[in-house]
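Here is a short briefing on one protein model. Look over the sequence and the structure first, then read the points below.

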Amino acid sequence: MSTILFNTFLAGVPLIIAGLGALLSQKAGVLNIAIEGEMLFGAFAATIIGLVTGSPLLALLTGILAGVAAAWIHVAAAIGLKANIFISGLGINLLSIGIIPSLSKAITGTRAVLRLPPGFSGAAFTNISGILLAAATTTGCVVLLYY
């Protein structure tokens, strides 16, 4: 039972961090509907680079850059082109859902779930440190919003 609970908390770490990002974005007065698409682009890029290079650090950095690039497209459309921020965010989400399977098919030959080699993921999110990271960021956001 404790393994199931631990794995549930561990699987929720990316969602907690994304939710906190959405909360801070909303408190700053910016509606970020594109968070799901940004996460998908980041996760896909990290997986592909992880498969190609075998480097967890390079995969993490690439995932971050891909998420930031998707956010930049959203910002460029919403601010630079004066597009509706909701429509722009929805467009990023739909783009990620549509293009990632096609890219996956072209790069790996499958649209299915990609598996990283055993032992690849390192210690970042395979043990208690991922849950501690989520707890620390949640605590930091609570303190930030309270004060």
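In what order do the elements of the protein run from the N terminus on? They run α-α-α-α-α. This is a predicted model: local features need pLDDT of at least 70, side-chain atom pairs count only at pLDDT 80 or more, and totals for chains, interfaces and linings use all residues. Residues are numbered from 1 along each chain as its sequence is written, and side-chain values use heavy atoms, with hydrogens and water left out.

**Overall build**

- The protein has five helices and zero strands. Both are DSSP runs numbered from the N terminus: helices are H or I with at least four residues, strands are E with at least two.
- The C-alpha trace spans about 45 × 45 × 25 Å along its principal axes.
- The protein has 147 residues, and 25% of them count as buried. Buried means under 20% relative accessible area, exposed means over 50%, and partly exposed is in between (1.4 Å probe, protein chains only).
- Accessible areas come from the Shrake-Rupley method with a 1.4 Å probe; for residues, only the protein chains shown count as cover.
- Take the contacts with a separation of 6 or more: residues 24 or more positions apart account for 70% of them. Contact means heavy atoms within 4.5 Å.

**Buried residues and their partners**

- S25 is found in helix α1, residues 2-27. S25 counts as buried because its relative accessibility is 15%.
- Leaving aside neighbours within four places in sequence, S25 is in contact with V30 and N32. A polar atom of the S25 side chain lies 2.8 Å from the backbone oxygen of V30.
- I48 sits in helix α2, residues 35-53. At 10% relative accessibility, I48 is buried.
- Not counting residues up to four places away in sequence, I48 touches I107, T108 and L114. I48 and L114 are 66 residues apart in sequence, yet their C-alpha atoms are 8.7 Å apart in space.
- A66 lies in helix α3. Its relative accessible area is 18%, so A66 is buried.
- With neighbours within four places in sequence left aside, A66 is in contact with F41, G42 and A45. The C-alpha atoms of A66 and G42 are separated by 4.8 Å, and the two residues are 24 apart along the chain.

- H74 is found in helix α3, residues 56-80. Is H74 buried or exposed? H74 is buried, because its relative accessible area is 5%.
- The H74 side chain makes a polar contact with the side chain of S88, at 2.9 Å. A polar contact is a pair of N or O atoms within 3.5 Å; within protein, one must be able to donate a hydrogen and the other to accept it, and residues adjacent in sequence count only if both atoms are side-chain atoms.
- Beyond its neighbours within four places in sequence, H74 is in contact with L31, N32, A34, E38, I85, S88, G89 and I92.

**Loop between α3 and α4**

- K82 is placed in the loop between α3 and α4. K82 is exposed, with a relative accessible area of 71%.
- K82 is not a glycine, yet has a positive phi of about 60°.

**Nonpolar surface patch**

- Which residues make the nonpolar surface patch of about 610 Å²? They are L31, L40, F86, I87, L90, L94 and I97.
- Patches are made of residues with over 30% relative accessible area and no salt bridge; like charges are joined within 9 Å, nonpolar side chains (Val, Leu, Ile, Met, Phe, Trp, Tyr) within 5 Å. A salt bridge is a side-chain nitrogen of Lys or Arg within 4 Å of a carboxyl oxygen of Asp or Glu.
- Helix α4, residues 85-108, gives the most to the patch, with five residues.
- F86 lies in helix α4. F86 counts as partly exposed, at 42% relative accessibility.

**Aromatic pair**

- One aromatic pair turns up in a search of the whole structure. The rings of Y146 and Y147 have centres 4.7 Å apart and planes at 90°, so the pair is edge-to-face.
- Rings of Phe, Tyr and Trp (its six-membered ring) pair if their centres lie within 6.5 Å; planes under 30 degrees apart count as stacked, over 60 as edge-to-face and the rest as tilted.
- Y146 is exposed, with a relative accessible area of 64%. Y147 is exposed too, at 74% relative accessibility.
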